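Reader: I would like to learn how to read a few local features of a protein model. Could you take me through them one by one?

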Amino acid sequence: MPLMFSAADHAFMARALRLAERGLTTTSPNPRVGCVIAKDGMVVGAGWHERAGEPHAEIHALKQAGEQARGATAYVTLEPCSHYGRTPPCAEALLAAGVARVIAAMSDPNPRVAGSGLELLRNNGIEVGVGLMEAQARELNPGFISRMERGRPWVRVKIAASLDGRTALANGVSQWITGEAARHDVQRWRARSCAILTGIGTVLADNPQLTVRDFDIGRQPLRVVVDSQLRTPSSAHITQDGNTLLVTAADSAKADTLRAAGAEVLVLPGMDGRVDLSALLKELARREINEVLVEAGAELNGALLQAGLVDELLLYYAPTLLGDAAHGMFALPQFSEMSQRVELDILSLDRVGQDIRIRARPR
């Protein structure tokens, strides 16, 4: 018989989810996890996973609870691990602490865990429940779940545009369409991402750095450039300081120059002399990249969308018009039927300064 969840269970799990969110920018490549230990209606321990290699959420919460953990209920946003990874297994720590009940928001999609943590607890007489506020828990870790279940990261495409859907003037000038508040908001999305993906067109037009500037997260996302013909100048900002992956369709003598400048060059040939984008995402998953933020032009945006590789859109619209000759958002083939259109589900619509931010997902 499935375990029934009470109003108190919901309240404690909601608190665990809020704790997990504190690790939004720091836990990569691990998932964001929170844990609350409650006894007699009171929280006796709480914690969240802060960084890979450091104690998991359950360990922080158990340490705070001490002897009060015995006979208590542990609420954890992800199934406790049962294997030795960077840290010892949390399921065994919960057993040793003597908790009576464990409620997990969701099972762990990692094949190394995948129910074994919950099974270990059940087999040792712990009352186990799973699925409480699962949708909220999955929203916290779309990249980790995608990497485990699909073998590729979660791809989020960010675009700043005018109200008529234009991203740059006809001459390529694009700074700045949106206001300061929107640009600060983009930094927040960069901070939670493991990699920032762009195309050679953006590198040549804007010479961006693509770094996190407004938040001190103790790391920088990997910068990835899709550059099929290896046209990136060795003096480009993005090649400096290392931490840059240039992905090309064919190796060339210029690769050695770019490597000497500090960039890594990866050859992933696809069709028609282009980079194989699916293979690129698989490679990023192999490197434990969870979330990718795409900040590119219409050509790469369109290629990713056509290939079915876009999971989410982050669209910032400025209250301005740039006209028909300006650059668009997605390079897509001309549609002849309405059935060919790309339909979206809107997740949220918010005002950010003077601009509007829409979060949407392709259906």
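Author: Let us begin with burial, where buried means under 20% relative accessible area, exposed over 50%, and partly exposed in between, with a 1.4 Å probe and protein chains only. Methionine 133 is buried, with a relative accessible area of 18%, and lies in the loop between strand E5 (127–130) and helix H5 (134–140). Helices (H or I, at least four residues) and strands (E, at least two) are DSSP runs, numbered from the N terminus.

Reader: What should I know about the model and its numbering before going on?

Author: This is a predicted model, in which local features need pLDDT of at least 70 and side-chain atom pairs count only at pLDDT 80 or more, while totals for chains, interfaces and linings use all residues. Residues are numbered from 1 along each chain as its sequence is written, and side-chain values use heavy atoms, with hydrogens and water left out.

Reader: What is the phi of methionine 133?

Author: Most residues other than glycine have a negative phi, and most peptide bonds are trans. In methionine 133, phi is positive, near 60°. Asparagine 207, also not a glycine, has a positive phi of about 45°; this asparagine sits in the loop between helix H8 (200–206) and strand E8 (222–226) and is partly exposed, with a relative accessible area of 29%.

Reader: Which peptide bond is cis?

Author: The bond from serine 28 to proline 29 is cis, with omega near 5°, and proline 29 belongs to the loop between H1 and E1. Threonine 26 is placed in the loop between helix H1 (7–20) and strand E1 (34–39), and is buried, at a relative accessible area of 16%.

Reader: What does the side chain of threonine 26 reach?

Author: A polar contact is a pair of N or O atoms within 3.5 Å; within protein, one must be able to donate a hydrogen and the other to accept it, and residues adjacent in sequence count only if both atoms are side-chain atoms. The threonine 26 side chain reaches the backbone oxygen of glutamate 50 at 2.6 Å.

Reader: Is tryptophan 189 buried or exposed, and which residues is it in contact with?

Author: Tryptophan 189, in helix H7 (residues 180–192), counts as buried at 4% relative accessibility. Leaving aside neighbours within four places in sequence, tryptophan 189 is in contact with Arg156, Leu293, Glu312, Leu314, Tyr316, Arg357 and Arg359. The C-alpha atoms of tryptophan 189 and valine 292 are separated by 9.8 Å, although these residues are 103 residues apart along the chain.

Reader: At what angle do helices H2 and H3 pack?

Author: Axes are lines fitted to C-alpha atoms, for helices over the stretch in contact, and angles run from 0 to 180 degrees between N-to-C directions. Helix H2 (residues 57–65) and helix H3 (residues 90–97) pack at an angle of about 20°, with their axes 9 Å apart. That makes H2 roughly parallel to H3, since angles under 35 degrees count as roughly parallel, over 145 as roughly antiparallel, 65 to 115 as roughly perpendicular and the rest as oblique. The contact is made by Glu58, Ile59 and Leu62 of H2 and by Cys90, Ala93, Leu94 and Ala97 of H3.

Note on methods:
Contact = heavy atoms within 4.5 Å.
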